[in-house]
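Here are some brief notes to read beside the model. Please check each point against the coordinates.

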Amino acid sequence: MSKLYIVGTPIGNLKDITLRAVETLKSADLIACEDTRRTAILLNAFKVKKPLVSYHKFNEKQTAEKLIAEVLSGKNVALVTDAGMPCISDPGAVLINAAREAGAEVEITGGVTAFTHALVASGFDASLFCFAGFLPEKNKDKKSLTDKISGFLGTVIFYCAPHNLRADMEYLLKTLGDRRVAVCRELTKLHEETVITTLSAPPGKEPRGEYVLVVGGAAAKETPLNALEVKEHVRSYMEQGFSKMDAVKAAAKDRGVPKNEIYKEML
C-alpha cells in the first residue's frame, strides 16, 4: 500500500542520516522538499535519484492536495525539509493532516532535531522543558509568547537566525529577566560551538550560522501554598471564591507548570 513518509534528515553532518531514512528515500516515487537544490546535495551524497517537488510554507495547501492525490494513486511520497524533522519550525503539519483526512497512511522516519541536540549539549535540566521555536516577528505575538512562558520552571528552547541573535537575547532579557543561557551554533558541523553565558552577555563574535538558545527556567515562586499537595493547593483557592478553572490556573502559575499538569493531578 502506498504511503506518505515523513523523513528526518541531518541538521548539518550528512553522516547523521539513518539507514532507514536512506532506504525510505530510495523507495519513494516522489520526494517533496523545501529547496530542491539543497535536497539534491543530500540525495546525491547517497546516490538517490528521484523526482523532486518544491513544498514550502508559501505553497503548502495547494501542493499538499497534489501530493496526497499522488499517494492515493498508488505512489509513495516522501517529505523532507532543508534540515531536521518536518513540522518542527518547518512545513509538514498541513500535509500530514491532509493525508489523514483523505485516509492515506502516514509513516514517520525519525532523525536528528536541532533543539534536542542543543538541550543535551547545554547540560541544562532536561527533565522538564519547552520548545518555543522562533520568536514571532510582531511585538504583540512576541509578548503573548513570553507572557505564557515567563513563569515556566523548566528549560525553554528557542531557534534564532544569526541576524536576530542579539535582538532576541535583549528581548528575552527584558521579558524573562537575566537568566543562564546556552548559545549553540553550527550543530553537528565542523565548527559546532556551545557558549554558556547569560542573556545580558551575548557572545562577542560576529553571529554566523543558525542558532539555538537554551534558556534556564524561572525561579520557583515563593509561596506557602507550593508546600501543599496539588489538590489542596487548588482547593485553597476555591475556598477563597475562585472557580475551579481559575483555581487551577492560579496553582499552575504558583508552581510554574502548565495547567494541564494540575488537571492531571486533580483526576
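1. A residue counts as buried under 20% relative accessible area, as exposed over 50%, and as partly exposed in between. Phe-115 has a relative accessible area of 11%, so Phe-115 is buried. Please keep in mind that this is a predicted model.

2. Phe-131 is the ring partner of Phe-115. The two rings are stacked, at 4.3 Å centre to centre and with 15° between the planes. Phe-115 belongs to helix H5 (residues 114-122) and Phe-131 to strand E6 (residues 129-134), so the pair ties together parts that are 16 residues apart in sequence. Phe-131 has a relative accessible area of 26% and is therefore partly exposed.

3. Another pair consists of Tyr-237 and Phe-242. Their ring centres lie 5.0 Å apart, and the planes make an angle of 55°. This pair is classed as tilted. Tyr-237 counts as buried, because its relative accessibility is 12%. Phe-242, at 32%, counts as partly exposed.

4. Next, the helix packing. How do helix H8 and helix H10 pack, and how far apart are their axes? H8 covers residues 230-239 and H10 covers residues 259-266. Their angle is about 105°, and the axes are 9 Å apart. Angles of 65 to 115 degrees count as roughly perpendicular, so H8 and H10 are roughly perpendicular to each other.

5. Which residues make this contact? From H8 come Val-230, Lys-231 and Val-234. From H10 come Ile-262, Glu-265 and Met-266. By class, the contact has four nonpolar and two charged residues, and no polar ones.

6. Last, a loop residue. Thr-188 sits between strand E8 (180-185) and strand E9 (193-198). Is Thr-188 buried or exposed? Thr-188 counts as buried, because its relative accessibility is 10%.

7. The surroundings of Thr-188 deserve a look. Its side chain reaches the backbone nitrogen of Gly-12 at 3.3 Å. Beyond its neighbours within four places in sequence, Thr-188 is in contact with Ile-11, Gly-12, Asn-13, Asp-16 and His-117.

Methods: Residues numbered from 1 in each chain as written. Predicted model: local features only at pLDDT ≥ 70, side-chain atom pairs only at ≥ 80, totals over all residues. Heavy atoms only, no water. Helix = DSSP H or I, 4+ residues; strand = E, 2+ residues; numbered from the N terminus. Buried < 20%, exposed > 50% of the residue type's maximum accessible area, 1.4 Å probe, protein only. Polar contact = N/O pair within 3.5 Å; in protein donor to acceptor, adjacent residues only side chain to side chain. Contact = heavy atoms within 4.5 Å. Axes fitted to C-alpha atoms, helices over the stretch in contact; angles between N-to-C directions. Parallel < 35°, antiparallel > 145°, perpendicular 65-115°, else oblique. Nonpolar A, V, L, I, M, F, W, Y, C, P; charged D, E, K, R; others polar. Phe/Tyr/Trp six-rings, centres within 6.5 Å; stacked < 30°, edge-to-face > 60°.
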